[in-house]
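This report describes one residue and its surroundings, followed by the chain as a whole.

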Amino acid sequence: GDNTTTPTIAETTPAPVSYDPDPTDTIPGDAYASYGSDTTVAALIRSTIQAAEKDMLSGVPAEQRKFKYHAIDLDKDGKNEYMVALYTPMYCGTGGCTAYLLNADGSVNSRFTVVRFPIYVAATATEGWQDLVMYSGRENRIVKFKGGKYPSNPSTLPVYKEALPDASYMLLNIWEGGPYPSFSF
């Protein structure tokens with residue numbers, strides 16, 4: 001008997017490749033949420049973060065240069081801003097991680113330190129921008145837009161005493177398997 005097998009059509013014809021912006025995780029490409037998986041947006045964010053972090057990058061190995069983002073319109077102008085998490089150990093410490101808020105054009109609006117994810121969007125607004133709730137300094141803090149940006153160190157801000165908004169107002173729930181692909185910068 002001949003033990004060689006003839007390849008079937010299924011073996012020789014590649015299956016259609018579904019879009020998967022992050023093949024390194026276990027989330028299938030069609031399971032990502034549109035607010036965090038657009039590769040065109042990721043390219044815009046990548047160039048901004050590379051420029052903003054350029055003084056640090058020489059000391060950051062490639063596998064530590066990762067971000068996840070959430071597109072949301074925080075100033076109600078009809079264009080999304082981008083909340084960006086730099087979540088690798090090089091950008092996180094015991095107090096939390098570094099995050100950026102980028103404007104719709106990709107420019108830096110605000111840079112945050114010592115932030116734990118997720119971030120919540122509060123029902124209130126200041127100067128036309130939604131207030132944010134960030135966990136920092138072992139408390140939820142209310143982060144209000146002032147003078148063109150949000151304050152950079154939430155741990156020094158007033159404690160947010162109300163109940164957290166529901167999950168639909170949650171940004172970057174990245175530690176609990178939220179549907180956010182990783183992008184490199």
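Ser 136 is located in strand β6, which spans residues 129-136. In this predicted model, the relative accessibility of Ser 136 is 0%, so Ser 136 counts as buried, the cut-off for that class being under 20% relative accessible area. A polar atom of the Ser 136 side chain lies 2.6 Å from the backbone oxygen of Val 114.

Of the contacts between residues at least 6 apart in sequence, 49% join residues at least 24 apart.

The table lists overall values for the protein chain.

| Property of the protein chain | Value |
|---|---|
| Box filled by the C-alpha atoms, along the principal axes | roughly 80 × 35 × 30 Å |
| Residues that count as buried | 44% of 185 residues |
| Accessible surface | about 10000 Å² |
| Part of the accessible surface belonging to carbon and sulfur atoms | 53% |
| Distance between the mean positions of positive and negative charges | 12 Å |

The charge distance in the table refers to 15 positive and 21 negative charges. Ser 136, at 0% relative accessibility, counts as buried, as do 44% of the 185 residues of the protein chain.

Definitions and conventions: Residues are numbered from 1 along each chain as its sequence is written. This is a predicted model: local features need pLDDT of at least 70, side-chain atom pairs count only at pLDDT 80 or more; totals for chains, interfaces and linings use all residues. Side-chain values use heavy atoms; hydrogens and water are left out. Helices (H or I, at least four residues) and strands (E, at least two) are DSSP runs, numbered from the N terminus. Buried means under 20% relative accessible area, exposed over 50%, partly exposed in between (1.4 Å probe, protein chains only). A polar contact is a pair of N or O atoms within 3.5 Å; within protein, one must be able to donate a hydrogen and the other to accept it, and residues adjacent in sequence count only if both atoms are side-chain atoms. Contact means heavy atoms within 4.5 Å. Accessible areas come from the Shrake-Rupley method with a 1.4 Å probe; for residues, only the protein chains shown count as cover. Lys and Arg count as positive and Asp and Glu as negative; His and the chain ends are not counted. The place of a charge is taken as NZ of Lys, CZ of Arg, CG of Asp or CD of Glu.
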